[in-house]
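The following report walks through selected features of the structure shown below, strand by strand and loop by loop.

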Amino acid sequence: MNKISDDILYRVEKPSRYIGGELNSCIKDISNNDYIRFAFCFPDVYEVGMSHLGSKILYHVLNSREDTYCERVFAPWPDMEKEMRDNNILLYGLESKDSLNQFDFVGFTLQYEMSYTNILNMLDLSKIPVRASQRGEDDPIVICGGPCAYNPEPLYDIADIFALGEGEEELNDLMDLYKEMKHLTRKEFLRKAATIEGMYVPSLYEVTYNEDNTIKSFEPLYDDVPKKVKKRIITNFNDVSYPDKFVMPHSEIVHDRIMLETFRGCTRGCRFCQAGMVYRPVREKTPEKLKELSRELIKSTGYDELSLTSLSICDYSQIENLVHSLVSENVEKKVSVSLPSLRIDSFSVELIKEIQKVRKTGLTFAPEAGSQRMRDVINKGVTEENLRDSVRAAFESGWSTIKLYFMIGLPYETEEDVVKIAELAQMVAEEYYKVPKELRKKGLKITVSTAIFVPKPHTPFQWAPQDNMDSVKSKISALRNAIKSRAINYNWHETPVSYLEAIFARGDRRLCDVIIRAFETGAKFDGWSEYFNFENWMNAFSYCNVDGDFYAFRERSYEEILPWDFIDIGVSKEYMISENEKAKAVVVTGDCRKNCTNCGINKSFKEGKCFEGAVFS
Amino acid sequence: MKWISYLDLLRTIQRIVRRTDFDIKYSEGFNPHMSISIGQPLSVGVESTGDYMDVELKSEISENEFKSRFNENSQIGIKIVDVLKVKEVKDAKKKSSMAMLDGASYEVSMKISQNEKVIEEIEAMLLKEKWEALKKSKNGDKVVDIKPLVLDLKYEILEEELKLSLLLKAGSRSNLSCDLLTSFIKEQVPSLSADSFPRIKRTEMFLLKGEKLLPMIKAYN
């Protein structure tokens with residue numbers, strides 16, 4: 001057990017990050033029980049990791065087992081890291097303070113490509129060999145899951161196992177296997193783990209390359225290792241294990257409220273969106289279930305805000321009914337209900353007014369593109385009319401602060417398309433002024449935010465080149481000049497981080513050495529502007545003789561073997577190709593709730609019915 | 001618990017109160033908040049066994065019930081030790097406990113690096129007529145004589161540590177922060193360890209009743 005002295009805690013920022021002992025944290029008697037020890041690591045600082053719902057769900061799932069003890073671990077801030085290294089304190093689980101190298105499993109959730117160096121740093125701080133190929137019998141098994149695991153290849157020699165898909169059942173299968181097979185050697189255990197559906201063991205596959213550096217072949221080394229790894233999904237989503245309490249953070253975290261996961265999957269088919277593709281099919285929880293969960297969580301936490309979480313929340317088949325019941329049940333207790341950013345075409349003022357009965361929050365819309373042509377290319381589908389109606393309704397009901405999110409650098413985009421963002425924002429401002437003074441709230445504030453598009457694997461745009469930095473710079477500049485009104489505030493992201501994101505999102509095994517080299521030369525907290533060092537990364541690329549442009553800026557051909565092709569997400573490659581071709585022709589694909597678009601999910605996942613649990617009126 | 005900040009403590013207490021389901025009074029307006037206030041903020045790292053909280057309820061509840069329900073729903077490190085029900089007097093303005101605060105007592109431990117001269121240095125400090133310390137504030141730094149704000153100081157050396165029992169002026173009228181005093185002492189007593197941080201614990205808060213300082217729970221009315 002690590003002892004962190006008071007003197008160290010006095011010296012660091014936000015010492016409550018490192019002490020554990022929060023309300024609802026799980027305490028198990030380790031001295032009298034032989035638990036499977038699982039360290040669930042979020043590769044960022046406490047305030048970010050404690051906001052992550054997936055970690056909370058899996059913490060609950062693992063701790064519900066009587067034979068397993070799951071603890072939380074977060075990346076120490078550099079000031080604490082220095083104290084730890086100076087004082088020989090290894091990275092520890094918050095609950096027991098035991099060092100990570102004493103655990104059986106060390107798991108990382110891959111939420112963001114720029115968190116990879118933190119993963120390496122956390123392994124190093126635990127004195128666990130960073131490379132999977134160098135770990136011995138006594139080292140923990142390192143397992144990684146989460147959205148970025150859908151292209152695991154850049155971390156192929158970091159993780160021993162990748163868990164693809166939804167973890168609730170998969171991890172239980174792995175723990176069951178471990179309990180039975182504790183006597184096996186590390187290699188033998190990993191070989192057995194590869195037979196669990198959804199588990200990918202990179203050391204059991206070999207990749208060869210062509211002269212032009214594209215992939216020549218990707219083959220399993222043995223017959224009992226699956227050629228394709230199929231993602232895991234939870235078919236009975238309504239009854240799947242969900243926490244009845246959340247660990248209450250000591251300090252303020254990014255998202256400090258109860259989160260209710262209402263459904264998984266999405267039917268809109270936006271072509272840039274990986275989540276919309278990989279979380280299919282749509283599965284809903286019933287309103288009764290959600291109400292039951294909300295009551296338990298309010299009682300056990302004392303939070304005053306309930307957030308409904310999902311993709312495209314307004315598509316939940318009984319959204320009005322659900323919101324109405326949650327609000328009326330909780331209005332006396334002053335628990336407010338909030339929704340994440342809303343699709344403009346399903347925005348309903350009635351809905352919004354309902355949730356604002358307790359407390360008014362800001363309004364966010366994501367048109368994503370400035371021109372109708374571009375919105376059709378990316379299949380976002382919302383029209384200017386939709387936006388006009390929505391903002392007018394919002395202004396008439398007393399909102400005066402609106403946030404609008406867009407992306408720059410989308411495939412087939414021109415500078416004119418980007419400049420249209422300014423026109424859209426201008427239209428929103430004009431709608432405000434049309435509303436009579438007595439009805440509207442004073443002080444119009446429109447914030448326009450643009451992010452640089454990063455093509456993601458398992459999407460119709462996975463073959464697209466990222467827009468280069470000069471082109472992006474000139475588009476941002478044109479947009480800035482086009483925005484006239486003082487009520488409109490423009491926030492843009494211009495950093496080279498997007499370039500690196502594009503590389504790692506669609507990278508292959510050769511990037512692993514680059515990540516290790518960058519970490520060895522000091523890279524950490526790359527998602528934080530105060531620590532991100534682009535030059536260090538460029539040096540790492542040249543040291544390893546790897547060209548980043550190859551991954552970010554190259555337009556790939558449909559015939560190319562992509563590093564993530566071996567993963568079956570249920571949506572077929574043919575569908576992705578057809579969607580990309582439709583994008584080029586500016587043809588929209590409709591919402592598949594209305595008409596099946598044949599993405600392939602119900603063929604490959606026969607046990608998962610589309611819209612399981614949903615009730616249509 | 002000493003590692004969480006004052007604002008985080010307030011938030012934690014608000015959540016404890018929500019879990020108790022007390023009939024708490026809320027403020028009016030767009031963003032209603034609970035009518036709970038806790039005393040004078042302590043720096044991160046300072047403990048307390050004698051702090052006060054004012055809570056307004058909409059309906060009656062016995063002192064014992066309040067104490068037990070709160071503690072049942074509380075967490076490690078936060079416990080109610082005593083409750084005083086204050087009757088609402090018609091047309092009189094409610095007095096917050098913090099507005100009436102006059103003094104606070106503390107126990108402090110400071111590590112000693114060299115034993116030989118410690119007592120000599122402390123006695124020399126106690127003999128000084130003025131204790132001039134730099135008080136930092138939003139409007140700039142000021143040199144202040146803090147000796148008159150120290151109402152009582154007792155010390156002893158125990159196992160390489162200097163232990164102090166202090167009674168200091170506290171509150172909106174006249175206030176000496178314990179941090180400022182311990183920084184001053186560290187300066188005046190070089191034998192104290194420079195790298196180590198003083199351990200501070202606030203033990204009680206007081207009101208002036210006539211000439212005497214009495215613990216707030218006894219003196220409040």
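Thr109(A) stands opposite Gly145(A), a residue of strand S4 in chain A. The model is a predicted one, and every value in this report was computed from it. The pairing that brings these residues together is between strand S3 (residues 105-109) of chain A and S4(A), which run parallel and are joined by five bridges. Strands of a sheet pair through backbone hydrogen bonds, in either a parallel or an antiparallel arrangement.

S4(A) is mostly covered, since five of its five residues are buried. Ile141(A), Ile143(A) and Gly145(A) point one way from the strand, while Val142(A) and Cys144(A) point the other way, and all are buried. In a regular strand the side chains alternate between the two faces of the sheet.

Is Ile158(A) buried or exposed? Ile158(A) counts as buried, because its relative accessibility is 1%, where the cut-off for burial is under 20%.

Leaving aside residues up to four places away in sequence, Ile158(A) touches Ile119(A), Leu120(A), Leu123(A), Val130(A), Ala132(A), Arg135(A), Val142(A), Cys512(A) and Ile516(A). Val142(A), one of these contacts, is also among the buried residues of S4(A).

## The four-stranded parallel sheet

Chain A holds an open sheet of four strands in the order S15-S16-S17-S18, with parallel pairing. Its edge strands are strand S15 (363-368) and strand S18 (488-492) of chain A, each of which pairs on one side only. From one strand to the next, the twist averages 20°. Between S15(A) and strand S16 (residues 401-408) of chain A, which run parallel, there are four bridges, and the bridge partner of Glu368(A) in S16(A) is Phe406(A).

Two helices lie across strands of this sheet. Helix H14 (residues 415-434) of chain A lies across S15, S16, strand S17 (445-452) and S18 of chain A, and runs at about 160° to S17(A). Helix H15 (residues 469-482) of chain A lies across S16, S17 and S18 of chain A, and runs at about 170° to S18(A).

## The three-stranded parallel sheet

Another open sheet in chain A has three strands in the order S10-S13-S14, again with parallel pairing. Strand S10 (258-261) and strand S14 (336-338) of chain A stand at the edges with a single partner strand each, so one side of each has no neighbour in the sheet. The twist here averages 25° from one strand to the next.

S13(A) and S14(A) pair in the parallel sense over three bridges, and Ser307(A) has Ser338(A) as its bridge partner in S14(A). Helix H10 of chain A lies across S10, S13 and S14 of chain A, running at about 170° to S13(A).

## Backbone features in the loops

Two residues of chain A other than glycine have positive phi values, and their loops can be taken in turn. Lys127(A) has a phi of about 60° and sits in the loop between helix H5 (116-125) and strand S4 (141-145) of chain A; Lys127(A) is exposed, with a relative accessible area of 58%. Ser312(A), whose phi is near 40°, is found in the loop between strand S13 (305-309) and helix H10 (319-330) of chain A, and at 16% relative accessibility Ser312(A) counts as buried.

Where is the cis peptide bond that involves Pro281(A)? The bond joins Arg280(A) and Pro281(A), with omega about 0°, and Pro281(A) is placed in the loop between helix H8 (274-278) and strand S12 (283-284) of chain A.

## Chain B as a whole

The secondary structure of chain B comes to six helices and 10 strands, and its C-alpha atoms fill a box of roughly 60 × 35 × 35 Å along the principal axes. Of the 221 residues in chain B, 40% count as buried. Among the contacts of chain B between residues at least 6 apart in sequence, 65% join residues at least 24 apart.

The accessible surface of chain B comes to about 13100 Å², and 50% of this belongs to carbon and sulfur atoms.

Methods. Residues numbered from 1 in each chain as written. Chains lettered and ligands numbered in written order. Predicted model: local features only at pLDDT ≥ 70, side-chain atom pairs only at ≥ 80, totals over all residues. Heavy atoms only, no water. Buried < 20%, exposed > 50% of the residue type's maximum accessible area, 1.4 Å probe, protein only. Contact = heavy atoms within 4.5 Å. Areas by Shrake-Rupley, 256 points an atom, 1.4 Å probe, with all protein chains shown as cover. Pairing = 2+ DSSP bridges. Axes fitted to C-alpha atoms, helices over the stretch in contact; angles between N-to-C directions.
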